[in-house]
Amino acid sequence: MRNVLLIISGPSGVGKGTIVKELVKSGKYSLSVSCTTRKARPGEVDGREYFFISREKFQQMIDSDGFIEYNNHFGNYYGTPRGFVEERLKTNDVILEIEVNGALQVKTKHPEAILIMILPPDKNELRARLVGRNTESEDKIEERLQRMDYEVSLEDKYDYIVINDDLQTAVNNVEQIIEREKGADI
Ligand code: ADP
Ligand code: 5GP
């Protein structure tokens with residue numbers, strides 16, 4: 001069985017964070033914690049959801065090749081720290097929850113990575129989840145909904161699409177994909 005590098009992407013509010021939390025609960029997978037220059041939301045803890053760092057510190061990490069990938073997304077920088085992922089992959093399956101441009105950068109460098117796109121049952125449900133999460137203003141929600149079409153346009157580049165309608169079904173589907181891929185010859 002190989003250790004897999006699993007990349008989960010999908011529109012904002014589709015439930016990526018919720019699904020990943022369920023997967024990590026099982027204790028079987030390691031989650032990479034990204035760096036970001038965006039401000040922490042209420043309840044977010046530095047080092048748990050993200051490493052919240054300054055634009056200057058982010059630039060220093062770019063300059064020292066400290067990221068596997070990074071991207072400017074909705075006006076803030078987000079990046080995957082290289083050290084954790086490369087070390088942890090020696091012993092564990094590693095999950096990255098990152099947006100599409102970053103995901104495709106990783107796939108170029110690590111063709112064996114598995115790309116899963118999570119999609120909502122429909123756009124109205126996505127809006128309802130973003131509104132229900134209550135973390136973004138109305139114009140930020142519109143910006144995120146508009147981005148969905150771009151993300152969906154890249155679905156052909158993904159290895160798997162999972163619809164997050166019923167949460168437990170979506171989590172089970174992702175787990176089955178991981179187990180199948182772990183056993184695959186590459
Ligand atoms: P993302 O990480 O993709 O931006 P979140 O995990 O924050 O999305 O989920 C957005 C909102 O949708 C949260 O309030 C979450 O509780 C809710 N949610 C997630 N999955 C489901 C689901 N299958 N059915 C209904 N609500 C969901
Ligand atoms: P949020 O600000 O809602 O936490 O995340 C916004 C988007 O940034 C999400 O689509 C999330 O997947 C993505 N993201 C989080 N971390 C990273 C990262 O390290 N790299 C890239 N490219 N995207 C990330």
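Modeller: Let's begin with a working rule: two strands count as paired if DSSP finds at least two bridges between them. Keep in mind that this is a predicted model.

Biologist: Okay, how many bridges join S5 to strand S6?

Modeller: The general idea is that strands of a sheet pair through backbone hydrogen bonds, either parallel or antiparallel. Here S5 and strand S6 (residues 76-81) run antiparallel, with six bridges joining them. For one residue pair to look up, take phenylalanine 67, whose bridge partner in S6 is proline 81.

Biologist: In what order do the four strands of that open sheet come?

Modeller: Read across it and you get S4-S3-S6-S5, with mixed pairing. Strand S4 (50-52) and strand S5 (67-73) are the edge strands, each pairing on one side only. Ignoring direction, neighbouring strands in this sheet are turned by 25° against each other on average.

Biologist: And what is the order in the open sheet of five strands?

Modeller: That one goes S2-S7-S1-S8-S9, and the pairing is parallel. Strand S2 (29-31) and strand S9 (160-163) each have a single partner strand, so one side of each has no neighbour in the sheet. From one strand to the next, the twist averages 30°.

Biologist: Which helix packs on the sheet?

Modeller: Helix H7 (residues 167-182) does, and it touches S1, S2, strand S7 (93-97), S8 and S9. Its direction makes about 160° with that of S9.

Biologist: Back to the strands: how many bridges are there between S1 and S8?

Modeller: Strand S1 (residues 5-9) pairs with strand S8 (residues 114-119) over four bridges, in the parallel sense.

Biologist: Now the ligand. How many residues surround ligand 2, and which are the closest?

Modeller: For this, a residue counts if one of its heavy atoms lies within 4 Å. That gives 16 residues around ligand 2, the closest being Ser34, Arg38, Tyr50, Glu69 and Tyr78.

Biologist: What about polar contacts: how far is a polar side-chain atom of tyrosine 78 from an oxygen atom of ligand 2?

Modeller: We look for pairs of N or O atoms within 3.5 Å. For tyrosine 78, the distance to a ligand 2 oxygen is 2.5 Å. Arginine 41 has a polar side-chain atom 2.9 Å from an oxygen of ligand 2, and for a side-chain N or O atom of arginine 144 the value is 3.2 Å.

Biologist: How much of ligand 2 does the protein bury?

Modeller: Taken alone, ligand 2 exposes 520 Å², and the protein buries 95% of that.

Terms used:
Residues are numbered from 1 along each chain as its sequence is written. Chains are lettered from A and ligands numbered from 1 in the order in which they are written. This is a predicted model: local features need pLDDT of at least 70, side-chain atom pairs count only at pLDDT 80 or more; totals for chains, interfaces and linings use all residues. Side-chain values use heavy atoms; hydrogens and water are left out. Helices (H or I, at least four residues) and strands (E, at least two) are DSSP runs, numbered from the N terminus. Axes are lines fitted to C-alpha atoms, for helices over the stretch in contact, and angles run from 0 to 180 degrees between N-to-C directions. Contact means heavy atoms within 4.5 Å. A polar contact is a pair of N or O atoms within 3.5 Å; within protein, one must be able to donate a hydrogen and the other to accept it, and residues adjacent in sequence count only if both atoms are side-chain atoms. Accessible areas come from the Shrake-Rupley method with a 1.4 Å probe; for residues, only the protein chains shown count as cover.
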